[in-house]
Amino acid sequence: MSGPSSADLARQVLEALSLGDVPDFAAIVHPEIEIRTAKATYVGPDAATEWAQKRYEHLERRYAIDGLEEHGDEVVARVRTQYVWRESGLVGNEEPAVIDLTFRDGKLVRFELRET
């Protein structure tokens, strides 16, 4: 029996990050994880979970998925990165972005955030 599709795994990753659910995120992370953002690259599970725990003082970062393109173990996620005010729940800002996710053995091995 095969496991979840790469698109399903991508949804799990983005949902865990959006909810700030670091244990769920950490459970999906491959030992050779590499996360690339505009500012830095994080390599390994410890660095990845440290990145996932980053919080803004009054805002939460969420990923609203507009589309997922699955190509085998790779998924291109078209998202709106939303910065939501913690107290009111209102979206303060949102920016379109593309996230490239690669999976190996059902685990996230690469996450690359590209601002559009």
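Modeller: Let's start with a cut-off: a salt bridge needs a side-chain nitrogen of Lys or Arg within 4 Å of a carboxyl oxygen of Asp or Glu. The model we are looking at is predicted.

Biologist: Happy to. What makes Glu34 and Arg36 a salt bridge?

Modeller: The closest N and O atoms of Glu34 and Arg36 are 2.8 Å apart. The cut-off is 4 Å, so the pair qualifies as a salt bridge.

Biologist: And why is Glu34 called partly exposed?

Modeller: Glu34 has a relative accessibility of 23%. Partly exposed runs between the buried limit of 20% and the exposed limit of 50%, so Glu34 belongs there.

Biologist: Where do Arg11 and Asp8 lie?

Modeller: Both sit in helix H1 (residues 6-19), three residues apart, which is about one turn of the helix. Arg11 is partly exposed at 43% relative accessibility, and Asp8 is partly exposed at 37%.

Biologist: What makes Glu69 and Arg78 a salt bridge?

Modeller: Their closest N and O atoms are 3.2 Å apart, and the limit is 4 Å, so this pair passes. Glu69 is partly exposed with 34% relative accessible area, and Arg78 is partly exposed with 40%.

Biologist: How many salt bridges does the count come to?

Modeller: Ten. Glu60, Arg62 and Arg86 are linked in a network of salt bridges.

Biologist: Now to the rings. Why is the pair of Tyr42 and Trp51 called tilted?

Modeller: Their centres are 6.4 Å apart, within the 6.5 Å limit, so the rings pair. The planes stand at 40°, which is neither under 30 degrees (stacked) nor over 60 (edge-to-face), so the pair is tilted. Both Tyr42 and Trp51 are buried.

Biologist: How do you know that Trp51 and Phe111 form an aromatic pair?

Modeller: The distance is 5.2 Å centre to centre, so it is within 6.5 Å. With 55° between the planes, the pair falls in the tilted range. Trp51 lies in helix H3 (residues 45-52) and Phe111 in strand S6 (residues 107-115), so the pair ties together parts that are 60 residues apart in sequence. Both Trp51 and Phe111 are buried.

Biologist: Which residues form the aromatic cluster?

Modeller: Phe25, Tyr42, Trp51 and Phe111 form one cluster. The count of aromatic pairs comes to three.

Biologist: Which residues gather in a patch of negative charge on the surface?

Modeller: Glu70, Asp73, Glu74 and Asp105 do. Asp73 is placed in the loop between strand S3 (59-71) and strand S4 (74-85), and Asp105 in the loop between strand S5 (91-104) and S6.

Biologist: Why does Asp105 count as exposed?

Modeller: Asp105 has 71% relative accessibility, and exposed means over 50%, so it qualifies.

Biologist: What is the phi of Asp105?

Modeller: Asp105 has a positive phi of about 55°, although it is not a glycine.

Terms used. Residues numbered from 1 in each chain as written. Predicted model: local features only at pLDDT ≥ 70, side-chain atom pairs only at ≥ 80, totals over all residues. Heavy atoms only, no water. Phe/Tyr/Trp six-rings, centres within 6.5 Å; stacked < 30°, edge-to-face > 60°. Buried < 20%, exposed > 50% of the residue type's maximum accessible area, 1.4 Å probe, protein only. Helix = DSSP H or I, 4+ residues; strand = E, 2+ residues; numbered from the N terminus. Patch = residues over 30% accessible without salt bridge, like charges linked within 9 Å, V, L, I, M, F, W, Y side chains within 5 Å. Areas by Shrake-Rupley, 256 points an atom, 1.4 Å probe, with all protein chains shown as cover. Lys, Arg positive; Asp, Glu negative; His and termini not counted. Charge placed at Lys NZ, Arg CZ, Asp CG, Glu CD.
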